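User: I would like to learn how to read a few features from a set of atoms. Could we start once the model is on the screen?

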Amino acid sequence: MSYNKEELFKLPVEEKIELVEALCGNIDNELSSDSKEDMAFAKERLQLHEENPSDVISWAELKKTIEKKYGF
């Protein structure tokens, strides 16, 4: 998509504000959709933990498993 920045800079302030609001709204919508997926994943994981709070391993245990499996 091509646009002319110089022409955009010449727009009246009201039109610049409208353009900025539209762009910010678009960006917010794009970020929100990703955030919604991330939040759904986090909520699912939290629910699994709440249902099985003892079904965990410590950081030390995880680190040992990774070291053993991958050698670092």
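User: Where is the place of Asp38, and is Asp38 buried or exposed?
Analyst: Asp38 has its place in helix α2, where helices (H or I, at least four residues) and strands (E, at least two) are DSSP runs, numbered from the N terminus. Asp38 is exposed, with a relative accessible area of 54%; buried means under 20%, exposed over 50%, and partly exposed in between (1.4 Å probe, protein chains only). This is a predicted model, in which local features need pLDDT of at least 70 and side-chain atom pairs count only at pLDDT 80 or more, while totals for chains, interfaces and linings use all residues. Residues are numbered from 1 along each chain as its sequence is written, and side-chain values use heavy atoms, with hydrogens and water left out.

User: How far apart are Asp38 and Leu48 in space?
Analyst: From C-alpha to C-alpha they are 15 Å apart, with a separation of ten residues in sequence.

User: How many salt bridges does a search of the whole structure find?
Analyst: Side chains of opposite charge can pair when their charged atoms come close. The criterion is a side-chain nitrogen of Lys or Arg within 4 Å of a carboxyl oxygen of Asp or Glu, and the search of the whole structure finds one salt bridge. The side chains of Lys10 and Glu7 meet in a salt bridge at 3.8 Å, N to O; both residues lie in helix α1 (residues 5-10), three residues apart, or about one turn of the helix. Lys10 is exposed at 61% relative accessible area, whereas Glu7, at 44%, counts as partly exposed.
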